[in-house]
Amino acid sequence: MFLHNCWYMAGWSRDFSAEKPVAATILNEPIVIYRQSDGSPVALQDRCCHRFAPLSLGRVEGDDLRCMYHGMRFAASGRCVEIPGQPKIPPHARVRSYPIADRHSGVWIWMGDSALADESLIPEFVGIEDPRWAMKPGRMDYNANYVLINDNLLDLSHIPFLHNRSLGAALTPEGVSRPTVTKIPRGVRIQNWIIGEPSHMIPSIANRKTNIWQAYEFLVPGVFLLHADFYPFGTTDAFPDREPSGVEPLHRQFTCQAVTPLTEDRSCYFFGYGPWAKEAGLIEAFYQLGLKAFNEDRVMIEAQQKNIHRFGDEKMMTVALDAGISQFHRIMDEMIRAEARGGAAGTEERQQA
Ligand code: FES
Ligand SMILES: [Fe+2]
């Protein structure tokens, strides 16, 4: 079950050029993406209307894309503008064109009804070019349904266990307080305090315990934005259940991530992870740490997916840790149901309420 009337990250902006069309599968649909001469991105169905050759094997010519099987040429609108050897072009000579936009270091594609595509609904992603952070772009493909990846990000209680040799190496399960989950427009906000042990990777906190204020937003359809601010140990006493104010953090880090379903069983995971700009020298160390940790997630989630296939009819159990997952599922389920009823407008009103 996919939500179509929303923007999905199709790739990092730097992945697309006017030189070479790129093939992508999103929500089971074959898509080709290229850039026009002014740099603006174009997304077309990756299937020529003539003999179904992939247009991603074609050639960008000016603002158009030419199929390199028999040479039909398509404009960014999807309309065929040239058929070799045939002066008259019938109106049905066209392929589907998808709304697409560059925003926040990424290229975002609208997979539903084009008439409903509203660029103000592109998630408030914070991309790798944001000057506050030092991040490199990453991508990882999963043999798993996107919901399992979303669920993993909606419950970070797995960090001290699954990531006990990477992200969780400086944490103990007892040092992680129960998160609060708050509903926000088109998503949830999850916040909690964590006790951090000294981290030798980060010079600013190499020799001291810290209190980490961890706060993240998880937004439709699968956007994850997490801040972790490291404060002197004891800061929680003054701010037991909220973000500290008037206290300078010792260290800050951030991660932006986006999950895009490719098919029911395959998903794509885009990530950036890094320290604040004043410790930009750690950019590569953070990237490698992220890569290690996200691979740990991938191995577990792909194994989980196999078990789900094996025991498909059996119900999973829910525990208190799953509050964020349950809230986000309710939001997505309601939007998917509204879409099935015919349109996104009603959904938007309900989500804002
Ligand atoms: S398949 Fe594209 S022109 Fe023939
Ligand atoms: Fe994880």
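## The four-stranded sheet

In this predicted model, strands β2, β3, β4 and β9 form an open sheet in the order β2-β3-β4-β9, with antiparallel pairing. Strands here are DSSP runs of E of at least two residues, and helices are runs of H or I of at least four residues, both numbered from the N terminus; two strands pair if DSSP finds at least two bridges between them. The edges are held by β2 and by β9 (97-98), each with a single partner strand, so one side of each is left without a neighbour in the sheet.

Strand β2 is joined to strand β3 (residues 29-35) by 5 bridges, and the two run antiparallel. Ala24 has Ile31 of β3 as its bridge partner. The two strands make a hairpin with 2 residues between them, and Leu27 in the turn has a positive phi of about 50 degrees. Strand β4 (residues 41-45) pairs with β9 in the antiparallel sense over 2 bridges, and Ala43 has Tyr98 of β9 as its bridge partner.

## The three-stranded sheet

A further open sheet, of 3 strands, has the order β1-β11-β10, again with antiparallel pairing. Here β1 (7-12) and β10 (100-103) stand at the edges; each has a single partner strand, so one side of each is left without a neighbour in the sheet. From one strand to the next the twist averages 30 degrees, where axes are lines fitted to C-alpha atoms (for helices over the stretch in contact) and angles run from 0 to 180 degrees between N-to-C directions.

The antiparallel pairing of β1 with strand β11 (residues 106-110) extends over 5 bridges.

## The β13-β14 hairpin

Strand β13 (residues 180-184) and strand β14 (residues 187-196) pair in the antiparallel sense over 5 bridges. Val181 has Ile190 of β14 as its bridge partner. This hairpin has 2 residues between the strands, and Arg186 takes a positive phi near 60 degrees.

## Domains and their contact

The protein chain is divided into domain 1 (7-121) and domain 2 (137-331), with bounds that come from an automatic or database domain assignment. The domain centres, taken over C-alpha atoms, are separated by 34 Å. In total, 9 residues of domain 1 are in contact with 8 residues of domain 2; contact requires C-beta atoms, placed from the backbone, to lie within 7 Å.

On the side of domain 1 that touches domain 2, β1 and β2 (22-26) each supply at least two residues. Strand β1 gives the most, with 4 residues. The residues of this side divide into 6 nonpolar, 3 polar and no charged.

## The chain as a whole

The secondary structure comes to 6 helices and 18 strands. The radius of gyration (taken over C-alpha atoms) is 22 Å, close to the 20 Å that the globule rule gives for 353 residues, so the protein chain is as compact as a globular protein of that length. That rule is 2.2 Å times the number of residues to the power 0.38. Along its principal axes the C-alpha trace spans about 75 × 45 × 40 Å.

Of the 353 residues, 39% count as buried, meaning that 20 or more other C-beta atoms lie within 10 Å of the residue's own. Residues 24 or more positions apart account for 53% of the contacts with a separation of 6 or more.

## Basis of the description

Residues are numbered from 1 along each chain as its sequence is written, while chains are lettered from A and ligands numbered from 1 in the order in which they are written. In this predicted model, local features need pLDDT of at least 70 and side-chain atom pairs count only at pLDDT 80 or more, whereas totals for chains, interfaces and linings use all residues.

Note on methods
Buried ≥ 20, exposed ≤ 12 C-beta atoms within 10 Å, placed from the backbone. Contact = placed C-beta atoms within 7 Å. Nonpolar A, V, L, I, M, F, W, Y, C, P; charged D, E, K, R; others polar.
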